[in-house]
Amino acid sequence: MAEDPGTLQRTNETNTISLDGRRLVTADLYAVAARPDVTRVKIFGLKEAVAPLTMLASLRELDLTDPSTLDGLDELTQLESLTLYAFPRIASLEPIGALTNLTRLLLSTPPGYDASRKCYEVES
């Protein structure tokens, strides 16, 4: 018997934590890492290294919108999905190379006033 799609979506939503990185301190990331049920973390405006999330073995998806840093990202080798949206302050995508379990990578920029997408140049 197939699961009710509504039940499945609610289950997935409860395993997601969204954070405002502009107010985030390292202790907040350690608090998230203490939750064994979290599979997805979404952070807007990340200013801290994400290394504390290495303790979150269940973490599979990370969404970063407008991050200031990718410090510690290379330590999250359990990640299967990474989304970077609007990342003009990022100079290098090198940390992504260490994510050996990554099966989905989405790099995107917000549309401009004319609906075109900006291009960010980064070292690789």
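The buried residues of helix 2 are covered by elements that include strand 1 (16-20) and strand 2 (40-44), where contact means heavy atoms within 4.5 Å. Helices (H or I, at least four residues) and strands (E, at least two) are DSSP runs, numbered from the N terminus. The structure is a predicted model, in which local features need pLDDT of at least 70 and side-chain atom pairs count only at pLDDT 80 or more, while totals for chains, interfaces and linings use all residues. Residues are numbered from 1 along each chain as its sequence is written, and side-chain values use heavy atoms, with hydrogens and water left out.

Helix 2 spans residues 26-33, and Leu-29, Val-32 and Ala-33 are buried in this helix; buried denotes under 20% relative accessible area, exposed over 50%, and partly exposed in between (1.4 Å probe, protein chains only). Viewed down the axis of helix 2, its buried residues fall within an arc of 100° and therefore line one face of the helix. The arc is taken over the directions from the helix axis to the C-beta atoms.

Five strands form an open sheet in the order 1-2-3-4-5, with parallel pairing; two strands pair if DSSP finds at least two bridges between them. Strand 1 and strand 5 (104-108) are at the edges and have a single partner strand each, so one side of each is left without a neighbour in the sheet. From one strand to the next, the twist averages 5°, with axes fitted as lines to C-alpha atoms (for helices over the stretch in contact) and angles running from 0 to 180 degrees between N-to-C directions. Strands 4 and 5 pair in the parallel sense over five bridges, and Leu-84 stands opposite Leu-107 in strand 5.

The loop between strand 3 (61-65) and strand 4 (81-85) contains Gln-78. Gln-78 counts as buried because its relative accessibility is 13%. Its side chain reaches the backbone oxygen of Leu-56 at 2.9 Å. When residues up to four places away in sequence are not counted, Gln-78 touches Leu-53, Thr-54, Leu-56, Ala-57, Leu-59, Arg-60 and Asn-101.

Six salt bridges are found in a search of the whole structure, each defined as a side-chain nitrogen of Lys or Arg within 4 Å of a carboxyl oxygen of Asp or Glu. One of them joins Glu-61 and Arg-40, with the closest N and O atoms 3.6 Å apart. Because Glu-61 lies in strand 3 and Arg-40 in strand 2, this pair ties together parts that are 21 residues apart in sequence. Glu-61 is partly exposed, at a relative accessible area of 30%, and Arg-40 also counts as partly exposed, at 25% relative accessibility.

Arg-40 also meets the side chain of Asp-63 in a salt bridge (2.4 Å, N to O). This pair links distant parts of the chain, with Asp-63 in strand 3 and Arg-40 in strand 2, 23 residues apart. Asp-63 counts as buried, at 10% relative accessibility.

A further salt bridge is formed by the side chains of Arg-89 and Asp-66 (2.8 Å, N to O). Here Arg-89 is in the loop between strand 4 and strand 5 and Asp-66 in the loop between strand 3 and strand 4, 23 residues apart. Arg-89 counts as partly exposed at 46% relative accessibility, and Asp-66 is partly exposed with a relative accessible area of 21%. Through salt bridges that share partners, Arg-40, Glu-61 and Asp-63 are joined into one network.

Conventions:
Polar contact = N/O pair within 3.5 Å; in protein donor to acceptor, adjacent residues only side chain to side chain.
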